[in-house]
Amino acid sequence: MEVIITPDPASAASLAAGQLAAQLQAKPSCVLGLATGNTMVGIYAELARRHRQEQLDFSRATTFNLDEYVGLAPGHPCSYASFMRTHLFDQVNLDPRRINLPDGMTADVPGFCAHYEQAIEAAGGIDLQLLGIGRDGHIGFNEPSSSLGSRTRIKTLTPLTRTSNRRHFPPGDDVPMHVLTMGVATIMEARRCVLVALGAAKAAAVKAAVEGPVSAMCPASALQWHPRCTFILDEAAAGELALADYYRFAHEHRPAWQR
Ligand code: GLP
């Protein structure tokens, strides 16, 4: 597991965007796993800038988003489909036929979830999965107690997550109780995972994920088993890590071929 501590959120966003851009350049037809949330805003803005100014090409890529609220249609302003259109899809040259999100309006949840898993497999699997982390250690919407062997399915949000995500909904609108999310095992099958965490509110979750025991109580801790996983943190999110100085040292002294 690689832990990179950056000085501020802008540096973290630029580093994460650089990793996605490198993936796109190395394999233009790659499959990207995408995430939502405030953490992703700066990353997508940087990708959009690279597309505009440096011709970063998305035209052959395929994308799969991690999750969506049940009951919100893609046109709903608080849906993750809307978030993705605003921050990325309308800003770059992805082919709409190769953009995939869980369908929060499906009438057949188990059927749709099985189809989503099959679609990921048919696309050749995810090359790079971008992740944020919830304050309770969730990845995607895999809340604490999620099976580490879980696949795409419906989940019930915890009160903490519903409270945290309240800020994205207009006053008076309820945060949905249910969501569709890739499972922990679905995420773990990505060839590479890049988790980005910003701010002191994430420090405890980051500590549990990176240095705690592997436990369903912190689904992000499953990433300790991932053979190619990078945590990109700002100073505040790294604030509780016992080995922070070691991670800095290791990053500064990594061999030339790893740079
Ligand atoms: C939601 C998403 C997660 C994301 C988390 C953190 O719960 N389902 O994928 O990691 O929000 O969001 P933020 O970046 O806004 O803190």
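A residue counts as near a molecule if one of its heavy atoms lies within 4 Å of that molecule. The model is predicted: local features need pLDDT of at least 70, side-chain atom pairs count only at pLDDT 80 or more, and totals for chains, interfaces and linings use all residues. Residues are numbered from 1 along each chain as its sequence is written, and side-chain values use heavy atoms, with hydrogens and water left out.

**The ligand**

Around the ligand stand 14 residues, of which Asn38, Thr39, Asp67, His138 and Lys202 come nearest. The shell holds three nonpolar, eight polar and three charged residues; Asp, Glu, Lys and Arg count as charged, Ala, Val, Leu, Ile, Met, Phe, Trp, Tyr, Cys and Pro as nonpolar, and the others, Gly among them, as polar.

| Residue | Protein atom | Distance to a ligand oxygen |
|---|---|---|
| Asparagine 38 | backbone N or O | 2.8 Å |
| Threonine 39 | side-chain N or O | 2.4 Å |
| Isoleucine 133 | backbone N or O | 3.2 Å |

The protein covers 95% of the 390 Å² of accessible area that the ligand has on its own, by the Shrake-Rupley method with a 1.4 Å probe.

**The sheet**

Seven strands form an open sheet in the order 1-10-9-6-2-3-5, with parallel pairing. Strands are DSSP runs (E, at least two residues), numbered from the N terminus, and two of them pair if DSSP finds at least two bridges between them. Strand 1 (2–6) and strand 5 (99–100) are the edge strands, each pairing on one side only. Strand 9 (residues 193–197) runs parallel to strand 10 (residues 229–234), and five bridges join them. Alanine 197 lies opposite leucine 233 in strand 10.

How values were computed
Polar contact = N/O pair within 3.5 Å; in protein donor to acceptor, adjacent residues only side chain to side chain. Helix = DSSP H or I, 4+ residues; strand = E, 2+ residues; numbered from the N terminus.
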